[in-house]
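Subject: Handover of a structure and notes on it

Dear colleague,

I would be grateful if you would read the notes that come after it with the model open.

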Amino acid sequence: MKLLEINHLKKSFDDLHVLHDISMSVEEGEVVSIIGPSGSGKSTLLRCATMLETMNGGDLIYGGQAAVKDGVYADKEQLKKVKEFYGLVFQNFNLFPHYSVMKNLVDAPIHVQKRNKDEIHKEALQLLEDVGLADKANAYPCQLSGGQQQRVAIARALAMKPQMLFFDEPTSALDPELTTEVLKILRQLAEQNMTMVIVTHEIDFARAVSDRVIFMADGYIVEQGPPEEVLDNPQNPRTQAFLRKVQR
Amino acid sequence: MQYFVSVVQQIGHGISASLLLFVLTLVFSMPLGLLVCFGRMSKFRPLSAVAGFVISVLRGTPLMLQLVVVFFGPYYLLGIPVSNRWRFWAAIVGFSINYAAYFAEIYRSGIQSIPLGQYEAAEVLGYNKTQTFCKIIFPQMVKRVLPPVTNEIITLTKDTSLAFVLAYAEMFTLAKQVAAADASIAPLFVAGLFYYIFNYVVAFVMDFIERKLAYYQ
C-alpha cells in the first residue's frame, strides 16, 4: 500500500524555484533515502511533505487521504487527521528544553492525542529503553549529549505512533563519534519495518538501510532506484559527479 | 533613634501608599504588556501599527506628563470633574499603561529569541497555536525576560515617587513635607532607605525565581 504519494510538487520562494516537478511515493515498510548536493531541495521536499512549508502546486496524499490536491490544501480537520500519519526528526533535535526527557515524550500524546496517560507512560518508558536512554527519563535535554538528544527526539516522534517517520539530516549536527549511536537506532527501526524517509549525507548508511535511494539536484529527482544501482552504478552524470565528490 | 521612629510614623502612610501603587501597577501592567505585545506582533498590519504607535508614544513622552494627562484628561476632554478617588486610580492607570509598553517590548524580545525550531517541533507534534504558546513558548520566554523585567520592576519602585505630581500622598511626597517641616534632611534619608529595602527584596525575589528556572538551559 502506498503510504505517501507526492505528485508534481512545485515549490518556490518568491522567484526562486526550489522544487520543479517532484513526484514520488513511499510504500508501507519502505526505507527511502534522499541524497544530493546542498541546495538541491531535499530538505524543502521534506518540509513540504511534513507541511512545514506550503507547496505551490501538486498533490500530497497520505494513506489515500489527500492533504493537498492540485496545490489546494484540505480543511483543518482533514489536515489534522493526515498529520497523524507521520513524524519528523529534525537536524537540530528541537527538543523542548524546559521539559524533562519523559515529558518531551508524553506531553503531545497526552494533550494532542488525548490517549490514556498510564498507557502513554508505559510506552514512553519502553521507547526510552529501545533507544538506550531508560536511565535519562528525568534528565533535561541540556544534560544530554547531542547523540542522546537525537535519540530522545526519535523516541518523541515514535511516541505519537506515526505510520512513517521523516528524518532531516539526523546526524548532521553531531560529532562523528556520536553519529553511530543515532544510525544504530535508525537501523533498528528499519529492521522493525518502520516506513522511513531519510535525508542524509551518510552514503554508506544509505546503502546499508535503504530499499530505495533518490538522488536530487536543482529541484529535480535525477535518479532513483535500489542503492546498488543508484549508489554503485549510477547512470546519470550528475549522480556520478556527486558520488565521486562525497566518496573521495 | 527616637527621631527616626517619629519620621517613620509620619511617612508610614506614604510607605503603604507607595507599596500599593507598586503592587497594583505590576498586577495590571504585566498582563496588559502581554496583550500589547500580541498586538505589536500581530500579522494584522493595522493592529500592529496601532500597538507600535502606542508603545512609541508611551516610551517617547515623560511618565510624569502621562500621569497628569490621565488625571486631568476626563475633565478637559469630557468635562467630568476629577475627584479625590480618581487621583489614586489615575496614578494606577498612568503607571500601568506606561509600564505595559515597556513590558510589551521586553516580552517581544523574549518571544522572538525562541528558536523557530521550537514552533516547528510543536507543529509537527500536532499542538495547536494556543498550546504551542502556553506550553512551549511562554515558559521559555519567562526565563529569558527575567533579567530585563527585574530591571523594570526596580525602576518602578523608584518611579512611584513620580505620583507626587498628582498630589498622591506616597512616601517621597510625605518625606519631603516632613523634611521641610523639621528643617532636616533625615526624612529624605529614611525614604531613601525604604526604597533601597524595597528593591533589595525585589532583587532577592527575582533572583530566587531565576534560580528556580535555572534547571534547564
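This is a predicted model: local features need pLDDT of at least 70, side-chain atom pairs count only at pLDDT 80 or more; totals for chains, interfaces and linings use all residues.

Residues are numbered from 1 along each chain as its sequence is written, and chains are lettered from A and ligands numbered from 1 in the order in which they are written.

Chain B has eight helices and zero strands; helices (H or I, at least four residues) and strands (E, at least two) are DSSP runs, numbered from the N terminus. Its C-alpha trace spans about 70 × 50 × 25 Å along the principal axes. Of its 217 residues, 31% count as buried, that is, with 20 or more other C-beta atoms within 10 Å of their own, the C-beta atoms being placed from the backbone.

Helices α1 (residues 2-41) and α2 (residues 45-60) of chain B pack at an angle of about 125 degrees, with their axes 6 Å apart. Axes are lines fitted to C-alpha atoms, for helices over the stretch in contact, and angles run from 0 to 180 degrees between N-to-C directions. On the α1(B) side, B:V36, B:G39, B:R40 and B:M41 take part, and they meet residues of α2(B) including B:L47 and B:I55; contact requires C-beta atoms, placed from the backbone, within 7 Å.

In chain A, an open sheet of six strands has the order β7-β8-β9-β3-β10-β11, with mixed pairing; two strands pair if DSSP finds at least two bridges between them. The edge strands are β7 and β11 (220-225) of chain A, each pairing on one side only. Strands β8 (residues 164-168) and β9 (residues 195-199) of chain A run parallel and are joined by five bridges, and A:L165 stands opposite A:M196 in β9(A). Helix α1 (residues 42-49) of chain A packs on the sheet, where it touches β3 (31-35), β8, β9 and β10 (212-217) of chain A.

The contact between the chains takes 17 residues from chain A and 16 residues from chain B. On the chain A side, β7 (86-89) and α3 (101-111) each supply at least two residues.

Yours sincerely

Technical notes:
Two residues are in contact if their C-beta atoms, placed from the backbone, lie within 7 Å. A residue is buried if 20 or more other C-beta atoms lie within 10 Å of its own, exposed if 12 or fewer, and partly exposed in between; C-beta atoms are placed from the backbone.
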